[in-house]
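Take a look at the fold shown here. The report below walks through it piece by piece.

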Amino acid sequence: LLFVVVGCCCLLFVDGDWMHFILSPSKLLLRSRCVLPLPLSLLSTCKVNQSTMSYNGRELPKLVEKEEALPGRDEEMELTNEHFVLKNPIKPPFDDSFESVVVATGCFWGSERVFYKRLPGVYTTAVGYINGFTPNPTYKEVCSGKTGHSEAVLVVWDPKQANFVDLLKVFWESHNPTSGPRQGPDVGTQYRSGIYYRTETQKLLAEASKKAYQEALKEETELEITTEIVPCPTFYYAEDYHQQYLDKPNNRQYCGADPTGVALPKPSEWDLSEEELSNVTTNDVIWSKVWAGCVFGK
């Protein structure tokens, strides 16, 4: 065990890994995870081994090349097939009447809770790893930056209670989609923003909403959205202890989201035809506010 204080930052070395805390006069803010946004000269022992490239003018980690990715394994992750809060299965098959999508907004602890707490009609959620190269990766491997995956959330919901556009509003407003491989204090390619669509309608609406949100952001920033919108590849479930983590006993109430505070324009303002808009409905509760900030408490 090693405890180091650097200004207002504290580094705690436990079981071969660094944890990063930020001190304030009134409280100890909970740690960021995996790769720390501190000068590398202070962290020679840390496992900061991702090469870098420029995102919106900032040098940040670069996605690993396929030939350099870890080999992984054939065995799937063992986990309890029950949502800790909702008590429904987290693995398919799901009822055909449900809709599902996978999204990434940074650290999946806070991301997952956003959707099962804020989106009406959610049947189940699960956290996992997506859009990388390594089959069945572990959390430690993903954190190394050598699998290519992002931390992601599977959301399964009843479309009679919430339209995909409602989910998109929560998605865009609950994180910063301009930060590339970073979200708040969490730095690494596993923290990139993404929508991994499962239908052509989801693709259409995701791309239209991205364009609309980029226009809205122009009033606040010149940064470009870096969110990847691609067909949903294999979703690898994360370890059992990560599932619904923030609602489990003895959890650390940590969320690294860094939302912009900018509202997503309504679908009527998106670049959609009248026919495309005819199948879109909105939930008034969802569209009555801006969904910025993390979800703690009940």
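## Basis

This is a predicted model, in which local features need pLDDT of at least 70, side-chain atom pairs count only at pLDDT 80 or more, and totals for chains, interfaces and linings use all residues. Residues are numbered from 1 along each chain as its sequence is written, and side-chain values use heavy atoms, with hydrogens and water left out.

## Overall make-up

The protein chain holds 5 helices and 14 strands. Helices (H or I, at least four residues) and strands (E, at least two) are DSSP runs, numbered from the N terminus. Of the 298 residues in the protein chain, 49% are buried. Buried means under 20% relative accessible area, exposed means over 50%, and partly exposed lies in between (1.4 Å probe, protein chains only).

The protein chain exposes about 14100 Å². Carbon and sulfur atoms supply 51% of that area. Accessible areas come from the Shrake-Rupley method with a 1.4 Å probe; for residues, only the protein chains shown count as cover.

Contact means heavy atoms within 4.5 Å. Among contacts in the protein chain between residues at least 6 apart in sequence, 74% join residues at least 24 apart.

## The sheet

Which strands form the open sheet, and in what order? There are 6 of them, in the order β13-β12-β7-β9-β8-β14, with mixed pairing. Two strands pair if DSSP finds at least two bridges between them. The edge strands, β13 (228-231) and β14 (235-237), each pair on one side only. On average, neighbouring strands of this sheet are turned by 35° against each other, direction ignored. Axes are lines fitted to C-alpha atoms, for helices over the stretch in contact, and angles run from 0 to 180 degrees between N-to-C directions.

Strand β9 has two antiparallel neighbours. With β7, β9 pairs in the antiparallel sense over 5 bridges. The bridge partner of S100 in β9 is V156, and V101 stands opposite V155. With β8, β9 also runs antiparallel, and 8 bridges join the two. Here V127 has V153 in β9 as its bridge partner.

Why is β9 described as largely enclosed by the rest of the structure? Because 8 of the 8 residues of β9 are buried. Both faces of β9 are covered. On one side, S150, A152, L154 and V156 are buried. On the other, E151, V153, V155 and W157 are buried.

Helix α3 lies across β7, β9 and β12, running at about 10° to β7. Helix α4 packs on the sheet and touches β7, β9, β12 and β13. The direction of α4 makes about 150° with that of β12.

## The cores

In soluble globular proteins, nonpolar side chains tend to be buried together. A nonpolar core is a set of buried Ala, Val, Leu, Ile, Met, Phe, Trp, Tyr and Cys residues joined through side-chain atoms within 4.5 Å. The largest one has 51 residues. Inside it, W157, L167 and W270 have the most contacts. Several elements each supply at least two residues of this core, among them β7 (99-105), β8 (122-130), β9 (150-157), α3 (164-173) and α4 (200-217). A second, separate core has 13 residues, including V102, L154, Y196 and Y237.

## Charged pairs

Side chains of opposite charge can pair when their charged atoms come close. A salt bridge is a side-chain nitrogen of Lys or Arg within 4 Å of a carboxyl oxygen of Asp or Glu. The whole structure has 7 salt bridges. The table shows some of them.

| Salt bridge | N to O distance |
|---|---|
| R73 and E141 | 2.7 Å |
| E76 and K91 | 3.7 Å |
| E215 and K218 | 3.2 Å |

R73 and E141 are 68 residues apart and link distant parts of the chain. R73 sits in the loop between β6 (58-61) and β7, and E141 in helix α2. R73 is partly exposed, at 26% relative accessible area, whereas E141 is buried, at 17%.

E76 and K91 both lie in the loop between β6 and β7, 15 residues apart. E76 is exposed, at 59% relative accessible area. K91 is partly exposed, at 22%. E215 also counts as partly exposed, at 45% relative accessibility.

## A last stop

E219 lies in the loop between α4 and β13. E219 is exposed, with a relative accessible area of 71%. E219 and V262 are 43 residues apart in sequence and 9.1 Å apart in space, C-alpha to C-alpha.
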